[in-house]
Amino acid sequence: MALIEKINDLLARIEAFTPANAAEIEDFRVKILGRKGELNDILEEFKTVPSEEKRVLGQKINALKQAAQARINELKAT
């Protein structure tokens, strides 16, 4: 799966995530944003991207991270 597809897939799962309780929110946060999380895997793969693709993919990765954090904050607030 191409990196852009992984980014889009993860973004879709973040937007669709509906936890049953606070523990699920924390588990989700660790799974996505933790040191061994999916975002970190994407960042590792990003290192191998050709220079001409880095700007666009880097922006998408930053937007993904912001969306993940915003969704987690939104869920914690409810």
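In this predicted model, the buried residues of helix α1 are L3, I7, L10 and I14. Seen down the axis of α1, these buried residues fall within an arc of 70 degrees, so they line one face of the helix. The cover over the buried residues of α1 includes α2 (22-33), α3 (38-46) and α4 (51-77).

**Helix α1**
- Helix α1 runs over residues 3-16, which makes 14 residues, and it reaches 20 Å from its first C-alpha to its last, close to the 20 Å expected at 1.5 Å a residue.
- On the face of α1 turned away from its buried side sit the exposed residues E15 and A16.

**Residue E38 in helix α3**
- E38 belongs to helix α3, and its side chain makes a polar contact with the side chain of R13, at 2.4 Å.
- Leaving aside residues up to four places away in sequence, E38 touches L10, R13, K31 and I32, and of these L10 is one of the buried residues of α1.

**The whole chain**
- The protein chain has 4 helices and 0 strands, and reading along the sequence gives the pattern α-α-α-α.
- Along its principal axes, the C-alpha trace of the protein chain spans about 40 × 20 × 20 Å.
- Among the contacts in the protein chain with a separation of 6 or more, 62% are between residues 24 or more positions apart.
- Of the 78 residues in the protein chain, 29% are buried, while the accessible surface of the chain comes to about 5300 Å², with 52% of that surface belonging to carbon and sulfur atoms.

Notes. Residues numbered from 1 in each chain as written. Predicted model: local features only at pLDDT ≥ 70, side-chain atom pairs only at ≥ 80, totals over all residues. Heavy atoms only, no water. Helix = DSSP H or I, 4+ residues; strand = E, 2+ residues; numbered from the N terminus. Expected span 1.5 Å × (residues − 1). Buried < 20%, exposed > 50% of the residue type's maximum accessible area, 1.4 Å probe, protein only. Arc of directions from axis to C-beta. Contact = heavy atoms within 4.5 Å. Polar contact = N/O pair within 3.5 Å; in protein donor to acceptor, adjacent residues only side chain to side chain. Areas by Shrake-Rupley, 256 points an atom, 1.4 Å probe, with all protein chains shown as cover.
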